[in-house]
Amino acid sequence: MRIGICDDDRLVAGTLAEELRDLYTFDIVIVAFDTAFSLLTYIEDEKNEPLEILFLDIRLREQNGVRVAMEIQEFWPEIQIIFSSGYPEYAQDIFQIEPVYFLLKPFDRGCVKQAMDRAVKRLEESGHEIIRICTQGEMIALRLRDVDYIESNRHQLKIWCGRSCHELYGTLTSFAKKLPDSFLRCHQSYLVNIHKIHRMNADTIELFNGCRLPVSRSRYRQAREALLRYTANSI
């Protein structure tokens, strides 16, 4: 999950970033900005991945945070915005854009958690599919679009998200029932996210990240047909 923090006080932004890392065990990437200009520049660059949640100070030097938020929503309509300010009187200005929450500075840990939980719930309801797993005694949330593939070795599963690997106990067959059709079974030991496939032949699938997965003879036809359907629907 990619989270933005835009605050002209770098100490405040740094403290909030540490708070978020302490509170949440699922994979988060935090991008910090200290001006509205740097935030908007990031957003306008198509090479950058979209932010899903944004903590935005209402007063950014000479900029109005509410107007900045309106510009951001034109690029990323589904972004969840959490406003913050040291002045409660600014709260009356924020409802033009239906924010997730208004945080009063200095931040209260409980309020930060409540704001984040609400934002994550909104993302789930808006179609950002998330799966929750129990690994090493912790319950964590993973975005399905971040999952590259799932590997099985007997009753141990490994969920690969880029360089991150999350291990849990279970069978691939039972875990597959929790996943959408965009995950295909290419081998007895592998489930792959169809959105991550770069190319496929009779015995190998290559992902965009260069990873290569085996394709079993018995599953090749079904996997190929699923990939063709996805390709046709994407055109």
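Mentor: Contact means heavy atoms within 4.5 Å. Among contacts in the protein chain between residues at least 6 apart in sequence, 52% join residues at least 24 apart. This is a predicted model, in which local features need pLDDT of at least 70 and side-chain atom pairs count only at pLDDT 80 or more, while totals for chains, interfaces and linings use all residues. Residues are numbered from 1 along each chain as its sequence is written, and side-chain values use heavy atoms, with hydrogens and water left out.

Trainee: Why is Cys6 called buried?
Mentor: Buried means under 20% relative accessible area, exposed over 50%, and partly exposed in between (1.4 Å probe, protein chains only). Cys6 has a relative accessible area of 1%, so Cys6 is buried.

Trainee: Why is the pair of Tyr149 and Trp160 called stacked?
Mentor: Rings of Phe, Tyr and Trp (its six-membered ring) pair if their centres lie within 6.5 Å; planes under 30 degrees apart count as stacked, over 60 as edge-to-face and the rest as tilted. Here the centres are 6.2 Å apart and the planes stand at 20 degrees, so the pair is stacked.

Trainee: Are these two residues buried or partly exposed?
Mentor: Tyr149 is buried, at 10% relative accessibility, whereas Trp160 is partly exposed, at 22%.
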